[in-house]
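Please keep the sequence and the model at hand while reading the numbered points.

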Amino acid sequence: MDRNRLIVIAAVLVVGLLAIWAITTGAIRFFGSDDEPTPTPSRGSAQPTVGSTAAAVDGDLQFRLVGVQSAGPRELTVTVAVTNRTSAFVSFYGESQQVVSTESRTAPAAVSLTSLEPKESTRVTLTFALPEKFTAAELDLHAAPASAGTRIRLG
């Protein structure tokens, strides 16, 4: 084999390994990691509410409801303190969050993306376009799009 052919083969192997690494790392972040410092409370435990000191946990993230504001008859704005509980970078996807009505109907939040560094906390504002005759009762928050989620009452 000549030298150029060896260089091409080596380059293909390096690119392949990098692709596999990127795919598996992305999949771990998408589904949440196993790096959980404390157990996740079950949905049956007492739910936190606005201004409550209790936090809700799902996967890598901890949530605390900071405020709720009506931005018109069919729009709701919610501010949530989000904390990355892990030692890895995590993304918080706004569109994975939902508001649930008293009739168990749901409305998704507007698309947004917030990146959190290890152990970082930040405030995230979620905006919901509500259908007609929708009475918001609680938030359904998710650390990752495929995670189980946790709920926080809105009152």
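1. Basis. The model is predicted; local features need pLDDT of at least 70 and side-chain atom pairs count only at pLDDT 80 or more, whereas totals for chains, interfaces and linings use all residues. Residues are numbered from 1 along each chain as its sequence is written, and side-chain values use heavy atoms, with hydrogens and water left out.

2. The open sheet. Four strands form an open sheet in the order β1-β2-β3-β8, with antiparallel pairing. Strands here are DSSP runs of E with at least two residues, numbered from the N terminus, and two strands pair if DSSP finds at least two bridges between them. The edges are held by β1 and β8, each of which has a single partner strand, so one side of each lacks a neighbour in the sheet. On average, neighbouring strands of this sheet are turned by 35 degrees against each other, direction ignored; such angles are taken between axes, which are lines fitted to C-alpha atoms, and run from 0 to 180 degrees between N-to-C directions.

3. V57 has its place in strand β1, residues 56-58. V57 counts as buried because its relative accessibility is 8%; buried means under 20% relative accessible area, exposed over 50% and partly exposed in between, with a 1.4 Å probe and protein chains only. The C-alpha atom of V57 is separated by 9.0 Å from that of R151, which is 94 residues apart from V57 along the chain.

4. Strand β3 and its partners. Antiparallel to each other, β2 and β3 are joined by nine bridges. Among the bridge partners in β3 are A81 for R64 and N84 for L61. The two strands form a hairpin with four residues between them, and G72 in the turn has a positive phi of about 135 degrees. Nine bridges also join β3 to β8, again antiparallel, and the bridge partner of A81 in β8 is R123. Strand β3 is mostly covered, with seven of its ten residues buried.

5. T83 within β3. T83 lies in strand β3, and its side chain makes a polar contact of 2.7 Å with the side chain of S121. A polar contact is a pair of N or O atoms within 3.5 Å; within protein, one must be able to donate a hydrogen and the other to accept it, and residues adjacent in sequence count only if both atoms are side-chain atoms. Which residues does T83 contact, leaving aside its neighbours within four places in sequence? They are D60, L61, Q62, E120 and S121, where contact means heavy atoms within 4.5 Å.

6. The nonpolar core. The largest nonpolar core has 24 residues, and those with the most contacts inside it are V80, V99, F128 and L139. Such a core is a set of buried Ala, Val, Leu, Ile, Met, Phe, Trp, Tyr and Cys residues joined through side-chain atoms within 4.5 Å. At least two residues of this core come from each of β2 (61-70), β3 (75-84), β4 (90-93), β8 (121-129) and β9 (136-141). The largest share, four residues, is supplied by β3. Not counting residues up to four places away in sequence, V99 touches several residues, including L76, F128, L139 and L154.

7. The aromatic pair. Rings of Phe, Tyr and Trp (its six-membered ring) pair if their centres lie within 6.5 Å, with planes under 30 degrees apart counted as stacked, over 60 as edge-to-face and the rest as tilted. The count comes to one aromatic pair. The ring centres of F63 and F92 are 5.9 Å apart and their planes stand at 50 degrees, so the pair is tilted. It links distant parts of the chain, with F63 in strand β2 and F92 in strand β4, 29 residues apart. F63 counts as buried at 1% relative accessibility, as does F92 at 0%.

8. Most residues other than glycine have a negative phi. K119, although not a glycine, has a positive phi of about 65 degrees. K119 lies in the loop between β7 (113-116) and β8 and counts as exposed at 53% relative accessibility. K133, although not a glycine, has a positive phi of about 55 degrees. K133 is found in the loop between β8 and β9, and its 77% relative accessibility means that K133 counts as exposed.
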